[in-house]
Amino acid sequence: MKNTLVRRPFFFALLGLAGILLSGCAVLKLYFRSSVDRPDGTLSLPGLKEEAVIRRDDLGIPYIEAKNEGDLMLAAGYAMASDRLWQMTLFKMAAQGRLAELFGKKMLPIDIYLRTIGTNLFTERAYAALSPELKNPLQCFAEGVNEYVSLHRGKLPPEFSLAGVEPPPWQPEDCLSVFGIANLGLSVNLTEELSFLALAERVGLEKAAWLFPVHPDEEIPFTEARKLSGLELSGSAPLLTGLAAVSDALAGVLGRGAPASNNWALAGSRTRSGRPLVANDTHLDLTIPSMWMIMHLKSPEYDTAGVMIPGVPLVNLGFNGRVAWGATMVMADSQDIFLEKLRTENGKTCAEYRGGCEPLAEKVETFRVKGRAPETRVIRSTRHGPLLNEALAGIASGPKSPLTPTPVDSRLGLALRWSQADGETGPRGLSRLGIARNLEEARQAMSDIDIAYLNMVYADTEGIAWQATGQYPKRLKGLGLFPSPGWTGEYDWDGYLPFPEQPHSENPPEGFLVTANNRTLPREESSRYGSTWIGPERADRVRALISRLKAATAGDMMAIQADQLSLMADKTQKVLFSGSLAEAVMKAIDALPEAARRKEALAARELLSPGRFDAVMRADSASAALLGAFHHFLTRNIFLDELGPEESAAWQAFIKTNSLSYNAPEDHLLGREESPFWDDITTPRKETKPDILARSLADAYHFLVQRLGKNPARWEWGKLHTYHWQSEVSAEAGFLGPLFDRGPFPAGGDYHTVNVTGYDWGKDFRVWIIPAMRFVVDFGLEEPAFLVISSGQSGNPVSEHYADMIPLWLQVKNYPLPFRRENVLRQYNHVLVLKPYSK
């Protein structure tokens, strides 16, 4: 399903402004110029107790200072709304399952799904758990947001006019809603489990297991798949289509939510200054505006700078003058699908459990829909969690699935068990982290971060540490990688792993710590936390670069963040040019039926040879372009014959799953010669791995000739592989591209380089995941912190700060975050003074 659910409301509103739009984007920019405030001046705000100041620098980054915490939060709310009000509104409405209030009935199925999985319930529980001391700052923040809206009626950011909507009043609880929905992307196993059902329906349980490798050194999870033996699983494809539609629609609001990030810390024994270094680059969707914004918040109680989620008035990752911290995804498995046997007893539906049948819990939800009367839905749950079938089947097109829960015997429901249903203390932990004074206090704060599964790498002036945050379910049986039978109780959760037992390291003897979504624990320990990891290439590359450093500096950290050597490229070369497989590939090339194909395969092999290609994925590299094309066609040649056609639910599930973790194309490239997928079922002969490798070399070379010309000297990876900041607005109304979009620009790198540029093998070469921020702290410097994000501070396309960090970002340059007073006054040279309002 195409992502039109969010875009179409824009489109219809745009028609109403046709007279303006036909005059061109330049006129539109002038029309909305009043939506951008001047950064200097004086403003009176109700609610302020004392004077506060919003300073901004030449990139629009705010340094906000106040004499008390309440005034700081009120000023932060005003400043954040001035930068990202549209984004904040989308985040909160999605989290609360209220998008239909803005965009009408087309978004109702998305709202039903989000309320079914309980994104709104976290908000209620977390807010109730806050102390008055933490609720008050949220109230002040909300007042600041609402005061901005009140003062800008008729001159809000362009998206509000283009979509024909008004921002609902901001409530204190909305901050927690945004915090909760932001962490939805940190839990990816739901997609994997539903994808497994669809793929197992296509090729069977045993064969589907080949498509879900855990790690290069681990066996295919056949045992995990066999727990579903004998069950009728047909009909999952429509539900997967529904989930894909949800993902596509939410991608326009929250991004795809795929995992990738790097962070590392060096002890003073490895640095020039003798003090620690911390580096972090979080990898998120290539969006404009970025999912991050930058702020420095200063009051007597709180003095912290870093990246923030629009709508959450706390620094997520950053530096407070004493402690610096950065994060990557742990890749924890915090979601399980339980298959439920549903039947009717006494006119009511119940779920079988250990010989009995338990009535379903029911909750009535009311949905307000723009332009229509409110609608109600009943959300039903088993002991394991909410049933997803009705929500997903309501989105998907096609006939009812056998998995749809109806009061009929022998139907299977899909219940979601998700740790977020038990979380409530994450915001408190984030608040405590911002004021931590040392490693011990930072770790204590992290013990409260219960729904965000993060590898926190952090440091103070004396040491470095790593801590895994979040709640890790203890399963009675199984890995939780694939759906589990719910009626036996064998696979239930038995609480969570105690925080002191979660992964932690402090001041290791080697003098550094590295995480990159990789398996950070030994094989025998890792299954307690999950079975879905990113491959080891990025982490191994960072370790290799750090191990060479004896007197590291902040500049060295920035150079590592720019690195584009791909260990996957290096491993591909070893497959093609080393050992017995290389000889078999040459024989397979000789056996290609056409002379032209043999010539193309040989030419491709030569261009990928170690003598011609250094495994660096430069944007101007012909060999990098060929490697990208080779990986693309290898994926298709191995799997498309059995999982296709391309528009099928099975193929779409396969492509989506591959973006989430170490995947079947990588796994097959690096090994698995015995896999049944090497055979092309559309031919009379039985192909082997060398046959498919040879075919893919020829296909890749032929493709580049057709796409980039006959002269390989003119091939460039960056002609296929580009950065293109494209908004959801212009994706529907292309003539708005000059206003809302930036690029395309040539991109180097790949999913396996430190400077990541992720794309989907087997689909296309579009870069969709990038370092959304780059952060470095050198405790040996007078001003330790440096930070840049991938677009600009403002989400308003009319603002000069909408995209002005892109040039810095493209050059992998960073930007200072000063703390010393004289440097603050020098850098933040625009001053908006906020005064208490008096009649």
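This is a predicted model: local features need pLDDT of at least 70, side-chain atom pairs count only at pLDDT 80 or more; totals for chains, interfaces and linings use all residues.
Local features in it need pLDDT of at least 70 and side-chain atom pairs count only at pLDDT 80 or more, while totals for chains, interfaces and linings use all residues. Residues are numbered from 1 along each chain as its sequence is written, and side-chain values use heavy atoms, with hydrogens and water left out.

A search of the whole structure finds 7 cavities of 30 Å³ or more, a cavity being a set of points on a 1 Å grid over the protein atoms alone where a 1.4 Å probe fits but cannot get out.

At least two lining residues come from each of helix 4 (69–95), helix 8 (132–151), helix 10 (172–182) and helix 16 (426–434), helices being DSSP runs of H or I with at least four residues, numbered from the N terminus. Helix 16 gives the most, with 4 residues. By class, the lining divides into 16 nonpolar, 1 polar and 2 charged residues, with Ala, Val, Leu, Ile, Met, Phe, Trp, Tyr, Cys and Pro counted as nonpolar, Asp, Glu, Lys and Arg as charged, and the others, Gly among them, as polar.

The second largest cavity has a volume of about 130 Å³, and its lining includes Ile655, Asn658, Glu666, Tyr751, Asp760 and Trp768. Helix 25 (649–658) and helix 26 (664–670) are the elements that give two or more residues to this lining, which has 6 nonpolar, 4 polar and 2 charged residues.

Definitions and conventions: On a 1 Å grid over the protein atoms alone, a cavity is a set of points where a 1.4 Å probe fits but cannot get out, and a pocket is an open set with protein on both sides within 12 Å along at least five of seven lines; lining residues have an atom within 4 Å of a point. Grid points are joined across faces, edges and corners, and a volume is the space filled by probe spheres set on the points.
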